[in-house]
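Me: Got a two-part packing question for you. Can you take a look?

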Amino acid sequence: MEKILFGDNQFFAINHISDEKSRAQSIKFKDDKSIIKTLDYAMEANINTFMCTTHDRISKICDSIRENPIKYQNFKIYPCLPYAHKYANAVTELGLTNSLKQFVPGNFMGSMFKGGLAFLGKDYIAIMELLIDAELKIFEKIDTPVIFLQNVVTDLLLGLGMDEILLAFHNYIATKYGVEAGFITMNMPKLLDTLERVGIKNPIICSSINKLGFRMAGGRACYEDVLNEKQFRAIAMQVLAAGAIPPQEAIEYVCSLPNIQSILFGASSKANIIQTTTLIHQFHETNEVFQNVNKKNTESSKVVLTS
Amino acid sequence: MLKAGIVGLGKMGISHAAILGAHPLVDLVSVCDTSSLVLNAFKKYSRVNPYDDFNKMLSKEQLDLVVIATPTKHHYNMTKTAFDRNINVFCEKPFSLSTTEGTELVEIARQRSLVNQVGYHNHFIGTFREVKNLLDNNVIGEIVHFNGEAYGPVVTREKGSTWRSKPSEGGGCMLDYASHLINLIQEIVGRPVKVNGVLLKSIYSGGVDDAVYTLLTLDNSISGTMLVNWSDETYRKMSTSVTLLGKKGKIICDATEIKIFLKEPNKDQKLDKGWNIKYITDYSPVVNYHLRGEEYSAQIDYFIQNIINNQQGTLNTFEQGLYTDKVIEMIYNYDKAN
């Protein structure tokens, strides 16, 4: 995994501390060209991984990537699925069964053999696999070395104790797509315990990690202990706590922690992209612990990939 | 460990199940729903006992608490059944479809000293709590107007029909969206006692309101507006905000930030003259498990703590939920009469 990953929240009006900023972003990124232009700024700053949801508009971005193979030859996408609001709104409007029918392509109950059988037999893992396939269709022929389960679903399964489904997601991504599964969560320490228990070694976990302890269930100290003591590949997101921490202070804190393999951030302007990447490089290079742990993690991730 | 059960495994019920499942002081022992698709998932992948009959669940399991997250029309019967067995109840909003039934439940809870709470989760969002604190400290002086707004993209097309589009079952923008805002205003600004005007608009749903616009007067004589629309797709998800105009300043608050304008500085609250911006990051409650927002865990935690401490809560009681139902009734009655 690269040291810096570029996120997509800003493109879809997701701002965790200001509804007003959300609206401004929604206006700014009204057309796909403005998204592509911002991705260009990220690439100019040497960020070549885009971590994004399966929002409808991402399929247009994927088309553009496929149409320009030379420009995007080193470009990778880390898809995060499912795009939860799409399902939540559908369940509210249509009910559970009708929503499933809507999202699985083909005739869910009948002609699609696997789907029909899965539904009748209540084979949930097979239903999940169908939904994964449906969501990943838009990324065809694009390099997607890590595929993430979104936090709402990860955390829901975690709370319900449905560990088996978390493992099934991990295994399906590895066997069907030949890439690694990752998990996004707001409950990193609890999730890591669960993933270790079901036998997932050195998992990729993306979670909020910031100086304010914002969206870090269990508190900052608990996260720091886990980062110090356990073996996993951590991706830090919401490092700026949605803008509540000044960038320099925020990045300095995250770069001082051990075991952080990558930092995920999103930004709407060229200036903010440059500022954040410059800060990450600056604090990363001055922090020996960070570099050493990264080296260790890169080695162990190779083991996972070949095993 | 407290033994918990849940009835109604829709969006809120599933979310409560996960929160209770992760709670260190709770053992979620059973769930109940009519969908075999959902029940079988619990049977296959979790340790909880699934039931398709609420009475059977209550008679087989020795529950300390139950979360009722079924469509509103079932709240009364289910709560009463649980109370008969001395089980503490957390009931989803809106509380009840009939204020007569709601009044009876409030009375039973009082007589039996059972912990009771309604799921108006906005009260557990740090920014709204802080507005209450600012008003209690008279930061913007005498309030001359309030404006509560809630918008979101629930019904944006003319299709689909679930219980949410049937007012007789607790659907509609009034019961689903406006109830949140009424409850929030009622508890942080004042209780509505008079309706001065109502516009109920059906936009995409047949026979049910998609938008509610109303003018209200509160028990402290403050008056203001409430604007609610669940068919507005310029919002990604439900967005609730409250604006309060006072003689000494103004507060604009939503779930993510508070903007405070003051004519003069307030040293006690460390607020400057002019605009002060505060973010949710300063007010978020620390929770042990996070799903969709701290407020969902915080409200369940509050309910659990009240049971453990054997005390009645002061936030989101049945009585407060009932008052919201009364305001809804007042708005509907005004609309019918005019």
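What follows is a chat about helix packing and sheet layout in this predicted model.

Me: Start with chain A. At what angle do α7(A) and α9(A) pack?

Reply: Helix α7 (residues 124-136) of chain A meets helix α9 (residues 163-177) of chain A at about 50 degrees, and their axes are 11 Å apart.

Me: Is the crossing right-handed or left-handed?

Reply: The crossing of α7(A) and α9(A) is right-handed.

Me: Which residues make the contact?

Reply: From α7(A), they include A:I125, A:M128 and A:I132. From α9(A), A:F169, A:Y172 and A:I173 are among them. The contact residues divide into ten nonpolar, no polar and three charged.

Me: Switching to chain B. What's the strand order in the sheet of eight?

Reply: The order is β8-β9-β10-β7-β11-β12-β13-β14 (chain B), in an open sheet with mixed pairing. Its edge strands are β8 (192-201) and β14 (274-279) of chain B. On average, neighbouring strands are turned by 10 degrees against each other, direction ignored.

Me: How many bridges join β13 to β14(B)?

Reply: Six, and the two strands run antiparallel. B:L262 stands opposite B:G274 in β14(B).

Me: Which strands does α6 of chain B lie across?

Reply: Helix α6 (residues 126-136) of chain B lies across β7, β11, β12 and β13 of chain B, running at about 160 degrees to β12(B).

Me: And what does α9 of chain B touch?

Reply: Helix α9 (residues 318-337) of chain B packs on the sheet and touches β8 and β9 of chain B. Its direction makes about 55 degrees with that of β8(B).

Technical notes. Residues numbered from 1 in each chain as written. Chains lettered and ligands numbered in written order. Predicted model: local features only at pLDDT ≥ 70, side-chain atom pairs only at ≥ 80, totals over all residues. Heavy atoms only, no water. Axes fitted to C-alpha atoms, helices over the stretch in contact; angles between N-to-C directions. Helix = DSSP H or I, 4+ residues; strand = E, 2+ residues; numbered from the N terminus. Left-handed = near helix turned anticlockwise from the far one by under 90°. Contact = heavy atoms within 4.5 Å. Nonpolar A, V, L, I, M, F, W, Y, C, P; charged D, E, K, R; others polar. Pairing = 2+ DSSP bridges.
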